[in-house]
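Colleague: I would like a close look at a single part of this model, taken slowly and with the terms spelled out.

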Amino acid sequence: MADIETTDAFCHRSQKPGMSSDEVLRFYDNWAEKYDKDLLDLNYNGPRQCAEALAEVLSGNKAARVLDVAAGTGLCAMELIKLGYTNLDAIDGSQGMLDIAKSRNLYHRYICDFLGPRRLDIEDGHYDAIACCGAFSQGHMKDDCFQELIRIVKPGGLICIAMREEFLYTVEAYKDKLEPAMMALEEKGSWEQVARDIVPKYYRDKDGVIFIYRVLS
């Protein structure tokens, strides 16, 4: 148990308040080789839960073009592939993590970039769906990325966001901000909520929340 707690404490160093984006990415670059083992030890079920939720709303469209946002070493992709979804691209700010994913031949395209308000080198409406697991935590992605996620998904396409439920209330950048930003875009007619589900044991004994939105424009 002591070893698990040590690993958990190490993992949370990537979420230390005050870290710059560059510091976070360097942390992940250095962590890449041990990342999968550490998260397996910590019973991280988020990638599987995210993949299953997205697969359910894709309704068997196995040819769907999916972008894995904050793809890391490809944990979510491996779960999607098990479910028959293989038309996958990856974006992550850590080249070290993407190198691990590339060694596994999980994706068609590997994009090293940090997703925020800045326009990505991706065409409008390029994807049928987005899977985004674990990207919303302290010092990571913020609500300023939503417009860009919407832009690169075709109308009628789906965006699946999985995160620890407690972060909605404990992370300053999300508290009273993340869900209101989602609702504002719904009121604007940019997307509509398909689901908001609480899932148990997303990370260790912590619940997760999975949001699914359908892009409207």
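Colleague: In what order do the seven strands of the open sheet come, and what kind of pairing do they have?

Modeller: This is a predicted model, in which local features need pLDDT of at least 70 and side-chain atom pairs count only at pLDDT 80 or more, while totals for chains, interfaces and linings use all residues. Residues are numbered from 1 along each chain as its sequence is written, and side-chain values use heavy atoms, with hydrogens and water left out.

The order is S3-S2-S1-S4-S5-S7-S6, and the pairing is mixed; strands here are DSSP runs of E with at least two residues, helices are runs of H or I with at least four, and both are numbered from the N terminus, while two strands pair if DSSP finds at least two bridges between them. Strands S3 (109-112) and S6 (191-203) stand at the edges with a single partner strand each, so one side of each has no neighbour in the sheet. From one strand to the next the twist averages 15°, angles being taken from 0 to 180 degrees between the N-to-C directions of axes, which are lines fitted to C-alpha atoms (for helices, over the stretch in contact).

Within this sheet, S1 (residues 66-69) and S2 (residues 88-92) run parallel and are joined by four bridges, with Leu88 of S2 as the bridge partner of Val66.

Helix H3 lies across S1, S4 (127-133), S5 (153-164), S6 and S7 (206-215), and runs at about 155° to S4, where contact means heavy atoms within 4.5 Å.
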